Amino acid sequence: MARDQQDREDLIAEATGLVTRMEFTVPSFDGPIVIGWKRNRAFSIYLDQDPVYQFDAIFRLRRAYVKTRLYRSQGETIAELTRHQTPNQTILARIDLDLLSCAEFLQTMTSTLRSILQDISQNRFAMVAWISADNLSPDQILNSLTLALRAIVDNPSLSPALR
């Protein structure tokens with residue numbers, strides 16, 4: 001994730017997999033927020049350097065990067081992934097969160113996103129930059145963001161396990 005302002009500028013400029021993306025700020029979160037959609041309508045939100053949440057096209061959580069840890073949906077739960085480097089290979093160890101930890105993870109995520117949604121809904125945000133391959137206006141992107149955040153906050157769910 002980005003470590004300084006220049007890196008954040010690179011995210012909005014170089015995250016070409018996100019064909020529509022916007023950077024903005026809100027009072028409820030310190031630091032810039034970058035949101036974006038892939039061509040398949042999968043949605044990502046980068047809250048400064050950490051956390052990062054990635055969703056599928058119907059807003060089910062697929063992956064997350066929270067407090068320097070990597071997570072992914074894993075069937076009915078979330079798995080924490082840890083990379084172990086050896087001289088010859090990288091080993092990815094997986095630990096599935098128990099039901100309580102999974103519920104707490106989703107609650108923290110939705111609480112954070114609810115605060116951002118509230119700021120946007122009350123017109124308390126400052127746009128920094130936007131890029132749209134679909135020629136969407138900033139207002140159209142914000143409307144899409146609002147709908148996406150409402151879908152996530154109202155019904156936090158997990159995408160099927162990754163293969």
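**Ground rules**

I number residues from 1 along each chain as its sequence is written, and I use heavy atoms for side-chain values, with hydrogens and water left out. Since the model is predicted, local features need pLDDT of at least 70 and side-chain atom pairs count only at pLDDT 80 or more, while totals for chains, interfaces and linings use all residues.

**Entry 1: the strands, hairpin by hairpin**

I began with strand E3 (residues 43-47) and strand E4 (residues 52-55), which pair in the antiparallel sense over 4 bridges. For the terms, helices (H or I, at least four residues) and strands (E, at least two) are DSSP runs numbered from the N terminus, and two strands pair if DSSP finds at least two bridges between them. I looked up Tyr46 and found Val52 of E4 as its bridge partner. The hairpin of E3 and E4 has 4 residues between the strands, and there Asp48 takes a positive phi near 55°.

Next I moved on to E4 and strand E5 (residues 61-66), again antiparallel over 4 bridges.

E5 and E6 run antiparallel, joined by 4 bridges. I noted Val66 opposite Arg69 in E6. Here 2 residues lie between the strands, and Lys67 in the turn has a positive phi of about 50°.

My last pair was E6 and strand E7 (residues 77-85), antiparallel and joined by 5 bridges. Tyr71 stands opposite Glu80 in E7. The hairpin has 2 residues between E6 and E7, with a positive phi of about 65° at Gly75 in the turn.

**Entry 2: the largest pocket**

I then checked the largest pocket and got a volume of about 310 Å³. Of the 14 residues that line this pocket, Val66, Lys67, Tyr71, Phe105 and Thr108 are the closest to its centre. Strand E6 (69-74) and helix H2 (99-121) are the elements that give two or more residues to the lining. H2 supplies the largest share, 6 residues.

For the record, the search runs on a 1 Å grid over the protein atoms alone; a pocket is an open set of points where a 1.4 Å probe fits, with protein on both sides within 12 Å along at least five of seven lines, and lining residues have an atom within 4 Å of a point. Grid points are joined across faces, edges and corners, and the volume is the space filled by probe spheres set on them.

By class, I have 7 nonpolar, 3 polar and 4 charged residues in the lining. Ala, Val, Leu, Ile, Met, Phe, Trp, Tyr, Cys and Pro count as nonpolar, Asp, Glu, Lys and Arg as charged, and the others, Gly among them, as polar.

Gln74 is found in strand E6. Is Gln74 buried or exposed? I have it as buried, because its relative accessible area is 16% (buried is under 20%, exposed over 50%, partly exposed in between, with a 1.4 Å probe and protein chains only). A polar contact of 2.8 Å joins the side chains of Gln74 and Arg72 (N or O atoms within 3.5 Å, one able to donate a hydrogen and the other to accept it; residues adjacent in sequence count only if both atoms are side-chain atoms).

Ser159 sits in the segment after helix H3 (138-154). I put Ser159 down as buried too, because its relative accessible area is 1%. Which residues is Ser159 in contact with, leaving aside its neighbours within four places in sequence? I listed Asp56, Arg60, Leu61, Arg62, Ser73 and Gly75, with contact meaning heavy atoms within 4.5 Å. I also took the C-alpha separation of Ser159 and Ser101, which is 17 Å, the two being 58 residues apart along the chain.
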